[in-house]
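Colleague: I am new to this structure and would be grateful for a guided introduction. May we proceed by question and answer?

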Amino acid sequence: MIDQTILKSEERAVFALRSLYRRYGYAPYKMSKFEEYEYYIRNKDFLVSDRIITFNDTNGRLMALKPDVTLSIIKNCEDLPGCKQKVCYNENIYRLCGSTRQYKEIMQAGLECIGDIDLYDICETVFLAAQSLALISEEFILQISHLGILAAVLDRICPAPGFRQAATGFIAGKNAHDLIRLCREYGISPASEQILTGFVSTYGQRDQVLAQLEALCGDFAAKPLQELKELSALLDTTPFSERIIFDFSVVNNMSYYNGIVFNGFLSGICEGVLAGGQYDKLMQKMERRSGAIGFALYLDLLEQLPAPKSEYDVDVLLLYDSETATAAVAETARELIESGKTVSSQKAVPPKLRYRELVDLRKEAGVC
Amino acid sequence: MLNIALPKGRLGEKVYSMFEAAGFECPSIRETNRKLIFENTEKQVRYFWVKPSDVAIYVERGAADIGVAGKDILLEYEPDIYELLDLELGKCRMAVAAPAGFRDDGKRTLRVATKFTGIAADHYARLGRQIDIIKLNGSIEIAPILGLSDVIVDIVETGTTLKENNLEVVETIVPISARLIANKAGFQFKRTQIERIQQSLKEQVKQHD
């Protein structure tokens, strides 16, 4: 029986998440720590960074320590009409860390749903993303956006790639001032400028955002807007509906992601802990007929959550020496442990050990 | 409690006045002493003075929920933050400057001295121009005079320093000013307070226009 209280946040999360995903029919997926480098470099734009740790295997092939899980899973999934393959994982990946430019081992848990996906699968995935956050902390926010809406708006206003890229960057940064400057540089009309800046200021409670979106782009983004409405209605029935908001600053890479995308935050952690979305475009680029949606939770970040601080390393320091009968040490230790205390048996007091109580069998044995 | 990182110096003092006018005052910050952290529990704000180039790091890493940083720093380090408002303070521009009369004929690699290697690299990559970046930490203006570089990429405010060193602006890369930035996670959980500050600062910027 595992004592849950001694587990770290990330260790508890691994158990809880796996149990959750299994209940929804996601099969655990185990993969190798490395793949051929060429596979990643062919799809490098999908990766957070194209800097990958490489090495040569015994056959001289250039291999890479896995920088991403999704690509490996896609490679091993089949296109099965009408069916979906649902897998969950708990894996370490190796990426360049943004601020330090050093490689970092990142512990990830997540799931992928690949196949003939529909609105139900999208709702289930979003629900599981929210439930995953809720399992770790009640204080969470899940931000959802729909790239179909943003794509429809950008197609209508200015499809020039340079404009699209810069505009999405500014929307992602909630940066209305530079977005306005960009619009004026490209000669965008004031009405269109207003629509675009609306995507910076339109965020928050889902019902309010839906009403604002209807006014902003209801006539030319009707289909994705309808999808967002249906998703919102289903999320209304969940216990954490208020913690799921709409926010168009969730942009991801629009070359790979197409529909619903989302980011999750936990109070006390300074960056997003969960990221995911629908990536049918990536599947198409990999010449697959299936659609796909999934997310990953960065478990290493859970270290930042406040943990209860203990004044002591151990409840009891049990001291003995060579004169003490081994049976006496064993029996005393067992009694203390059975009474619920933690025990460290030592022959001398370790200099840095903080203990609540000292049980000295040397004294009892008449040595001291 | 909302943690606010302000840049030390004149710009920071101007910015604090704007926060004060927004109703988020912290009188102890005006006292003359060497303290760096100031708190007003009633207003639920904590200010701290940091090196201007470090504000973005404090905000990105969540030590501060919001802060004020120059656009030059945001472009150079590309922190993962929200950029909520252009405060239109500390206005200047990031520019390419060269000795008076210099002409880039494009026949050889252009040597560029700068503190802002990321901005310079991005600028010339967009132009498709081959460059050799020379990273310097100060006195950038003397690099072309001593033949270390052909041009420099640096912040230009009035152009006086350039003029005194016989340099002139060849082209402006981007206008620079102070920006209100927010930590992405902090924004989710302290949204109401941050939005109130943003809105009030926005109105003050409009009034100054």
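Modeller: Let us begin with Leu146(B), which counts as exposed at 67% relative accessibility; exposed means over 50% relative accessible area, buried under 20%, and partly exposed in between (1.4 Å probe, protein chains only). This is a predicted model, in which local features need pLDDT of at least 70 and side-chain atom pairs count only at pLDDT 80 or more, while totals for chains, interfaces and linings use all residues. Residues are numbered from 1 along each chain as its sequence is written, chains are lettered from A and ligands numbered from 1 in the order in which they are written, and side-chain values use heavy atoms, with hydrogens and water left out.

Colleague: Where is Leu146(B) found?

Modeller: Helices (H or I, at least four residues) and strands (E, at least two) are DSSP runs, numbered from the N terminus. On that basis, Leu146(B) belongs to the loop between helix 5 (142-145) and strand 9 (151-156) of chain B.

Colleague: How many residues of strand 4 of chain B are buried?

Modeller: On one side of this strand Ile66(B), Val68(B) and Gly70(B) are buried, and on the other Gly67(B) and Ala69(B) are buried, so that both faces are covered. In a regular strand the side chains alternate between the two faces of the sheet. Strand 4 (residues 66-70) of chain B is therefore largely enclosed by the rest of the structure, the buried count being 5 of the 5 residues.

Colleague: Which residue is the bridge partner of Val68(B) in strand 11 of chain B?

Modeller: Two strands pair if DSSP finds at least two bridges between them. Strand 4 of chain B pairs in the parallel sense with strand 1 (residues 2-7) of chain B over 2 bridges, and there Ile4(B) stands opposite Ile66(B). With strand 11 (residues 178-183) of chain B, strand 4 of chain B runs antiparallel, joined by 5 bridges. In strand 11 of chain B, the partner of Val68(B) is Leu180(B).

Colleague: How many residues apart are Arg61(A) and Glu36(A)?

Modeller: Arg61(A) forms a salt bridge with Glu36(A), the closest N and O atoms being 3.6 Å apart. The pair links distant parts of the chain: Arg61(A) in the loop between strand 3 (54-56) and strand 4 (62-65) of chain A, and Glu36(A) in strand 2 (residues 34-36) of chain A, with a separation of 25 residues.

Conventions:
A salt bridge is a side-chain nitrogen of Lys or Arg within 4 Å of a carboxyl oxygen of Asp or Glu.
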